[in-house]
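Please consult the sequence and the structure shown below.

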Amino acid sequence: MKQNKQTAFQATIELMKQKIIGGEWAPGDRLPTLQQLAVDFSVSVTTVREALRILESQGNVSIEHGRGMYVRNDPLLLDDPAVALEELDNISIVDLLEARLLIEPELAALAAQRADEDQIRRLRVLADRMVQQMEEGGSFFETDLAFHQLIAEGAANPVVARMLHSILPLLAEGRKQTNTLPNMRTKASNYHVLIAIAIEERQSETARQLMESHIQSMLTTLKQ
């Protein structure tokens with residue numbers, strides 16, 4: 001049952017992406033309600049809500065409480081993927097990880113102080129989903145990206161959030177490569193659970209140290 005539920009979740013994300021890429025959902029368009037989307041995709045409202053949150057974390061839709069859900073005016077799905085790959089040619093994975101090491105531990109610490117209860121709940125959902133995906137041998141790329149973006153959101157610093165959004169395609173391409181490192185699937189899923197727990201328990205310093213160890217473990221592997 002768990003696998004079927006996960007398959008429906010991934011399928012819903014892909015169908016939504018295709019609507020954006022194909023132009024059916026154009027930049028700036030207001031999306032149908034959660035209930036209508038659940039009917040359209042033959043899934044639960046919960047599945048639709050979580051799929052939209054993934055797309056929001058990836059910079060493709062905007063969820064505005066009280067106003068509705070919209071396709072962003074500049075959805076990253078419409079960016080030329082060759083541009084991100086070209087940028088990656090000039091920036092090493094070590095460069096990316098060093099940049100993440102400067103920023104993300106502090107974001108985790110701030111999230112432990114500032115994240116609201118809904119953000120904390122979603123972090124635990126994403127962490128648990130990543131463990132499940134790892135155990136089933138499936139891809140957890142989108143879940144990984146959404147987890148780190150949600151921590152940035154929970155840190156409630158709009159300047160850093162904009163900074164990260166501006167390099168999101170580059171970070172996404174970098175994660176595709178770091179997720180192939182030896183034992184990284186197991187390490188990453190375990191770190192995510194521990195980081196989510198630290199944030200939930202408002203343990204700011206623990207969250208900082210865990211995120212630092214998470215990123216440093218990838219750097220160490222790459223430099224060996």
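Ser42 counts as exposed, because its relative accessibility is 66%; exposed means over 50% relative accessible area, buried under 20% and partly exposed in between (1.4 Å probe, protein chains only). The model is predicted: local features need pLDDT of at least 70, side-chain atom pairs count only at pLDDT 80 or more, and totals for chains, interfaces and linings use all residues. Residues are numbered from 1 along each chain as its sequence is written, and side-chain values use heavy atoms, with hydrogens and water left out.

**Helix α2**

- Helices are DSSP runs (H or I, at least four residues), numbered from the N terminus.
- Helix α2 spans residues 34-41, and its buried residues are Leu34, Leu37, Ala38 and Phe41.
- These residues lie on the same side of α2 because they cover an arc of only 105° around the axis, the arc being that of the directions from the helix axis to the C-beta atoms.
- An α-helix has 3.6 residues a turn, so residues three or four places apart point the same way.
- Gln35 and Val39 are exposed residues on the face of α2 turned away from its buried side.

**Positive phi angles**

- Most residues other than glycine have a negative phi.
- Ser42 follows α2 and lies in the loop between α2 and α3 (45-57).
- The phi of Ser42 is positive, near 60°, in a residue other than glycine.
- Ala156, in the loop between α7 (141-154) and α8 (158-166), is not a glycine either, yet has a positive phi of about 55°.
- Ala156 is partly exposed, with a relative accessible area of 46%.

Technical notes: Helices (H or I, at least four residues) and strands (E, at least two) are DSSP runs, numbered from the N terminus.
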